[in-house]
Amino acid sequence: MHHDDYPTLRVRREGGIVRVNIDNPPVNVLDVALMADLRRLLLALRADDSARVIVFASADPDFFIAHVDMSLVDTPDAFDQFAPEVPAGLNVFQALGELLRQQPQVTIVQLAGLARGGGAEFVAAADLAFAAIETAGLGQIEALMGIVPGGGGTQYLANRVGRNRALEIVLGAELYDARTAERYGWVNRSVPADELEEVVDRLARNIAALPEGVIAAAKQAVVPDDLAKGFQREHDAWAGQFTRPAAEALIRGGLARGAQTRAGERDLEGLLRGLAG
């Protein structure tokens, strides 16, 4: 698969392993281009029996997927092009998470950098996630923009970490380090940054080398929970907040103060908290 096919992704095959490096500078925001490439790649691989494992990493060591493109506030219909392909009862962001969650391959996130908002939702939708102790960070920061997670985050979180921790993550809106994320069950394991690639690689190779049918059988036995009703509740909660003037002002203010720049994204929580004060 050439880079030309997926402008925001670097994709390479190694036997049964598909390695995907997200490459959407400056900070890998989940914008229309990245959404389109991820959807097309997952759909293309769905029909590919020779692909056993998909490993998602980032071409940028500091950022995995920053979050959904905040300029959506000015172009609310930007993602409408995906609407015809989205199953009933899901919004376009939930649909990306569900595409990933229902993938026949084993999906593994190799998290070296930061993943917030829609980026954190992507991590939680994958089958497995491994995070670098010194450098990885996860956060659902939507509350600081006057909204709640709307791309599956509330449902995936409650599923992984329990209701009490899900509420802490959503309402505390802080950046969580890899060790805490592991303790909460948000990721499988935190590992030293210099071992992350090796740990993921060994697991990916072992899974890809399993006898025919084992992956499918395991995925058939351990099915993802049906979250349909929860997605509807989440979407209503998110949409109800997103249309409020307060949310719009906070998102615009964030952009004006350096959100989606490398400098601004390092402490996005602090930047956004400064606006609300």
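**Salt bridges and overall fold**

Trainee: Is Glu-212 buried or exposed?

Mentor: Glu-212 is exposed, at a relative accessible area of 69%, where exposed means over 50%, buried under 20% and partly exposed in between, with a 1.4 Å probe and protein chains only. Keep in mind that this is a predicted model, in which local features need pLDDT of at least 70 and side-chain atom pairs count only at pLDDT 80 or more, while totals for chains, interfaces and linings use all residues. Residues are numbered from 1 along each chain as its sequence is written, and side-chain values use heavy atoms, with hydrogens and water left out.

Trainee: Which residue does Glu-212 form a salt bridge with?

Mentor: The partner is Arg-52, with the closest N and O atoms 3.3 Å apart; a salt bridge here is a side-chain nitrogen of Lys or Arg within 4 Å of a carboxyl oxygen of Asp or Glu. The pair links distant parts of the chain, 160 residues apart, since Glu-212 sits in the loop between helix 7 and helix 8 (214–221) and Arg-52 in the loop between helix 1 and strand 3. The helices (H or I, at least four residues) and strands (E, at least two) are DSSP runs numbered from the N terminus.

Trainee: How many salt bridges are there by this rule?

Mentor: The count comes to 19. One of them joins the side chains of Arg-13 and Asp-48, at 2.9 Å from N to O. Arg-13 belongs to strand 1 (residues 9–14) and Asp-48 to the loop between helix 1 (32–46) and strand 3 (53–58), so this pair ties together parts that are 35 residues apart in sequence. Arg-13 itself is partly exposed, with a relative accessible area of 33%.

Trainee: And Arg-19, what does its side chain meet in a salt bridge?

Mentor: Arg-19 meets Asp-201, at 2.3 Å from N to O. Because Asp-201 lies in helix 7 (residues 193–208) and Arg-19 in strand 2 (residues 17–22), the pair ties together parts that are 182 residues apart in sequence. Both partners count as buried, Asp-201 at 18% relative accessibility and Arg-19 at 10%. The two also belong to a network of salt bridges that links Arg-12, Glu-14, Arg-19, Asp-201 and Arg-205.

Trainee: What else does Arg-19 touch?

Mentor: Leaving aside residues up to four places away in sequence, Arg-19 touches Arg-10, Val-11, Arg-12, Glu-14, Val-55, Asp-201 and Arg-205, a contact being heavy atoms within 4.5 Å. The C-alpha atoms of Arg-19 and Ile-54, 35 residues apart along the chain, are separated by 5.9 Å.

Trainee: Changing topic, how many helices and strands are in the protein chain?

Mentor: The chain has 12 helices and 10 strands. Its radius of gyration is 18 Å, close to the 19 Å that the globule rule gives for 277 residues, so the chain is as compact as a globular protein of that length. That radius is taken over C-alpha atoms, and the globule rule is 2.2 Å times the number of residues to the power 0.38.

Trainee: What does the C-alpha trace span along its principal axes?

Mentor: The span is about 55 × 40 × 40 Å. Of the 277 residues, 54% count as buried, and among contacts between residues at least 6 apart in sequence, 74% join residues at least 24 apart.
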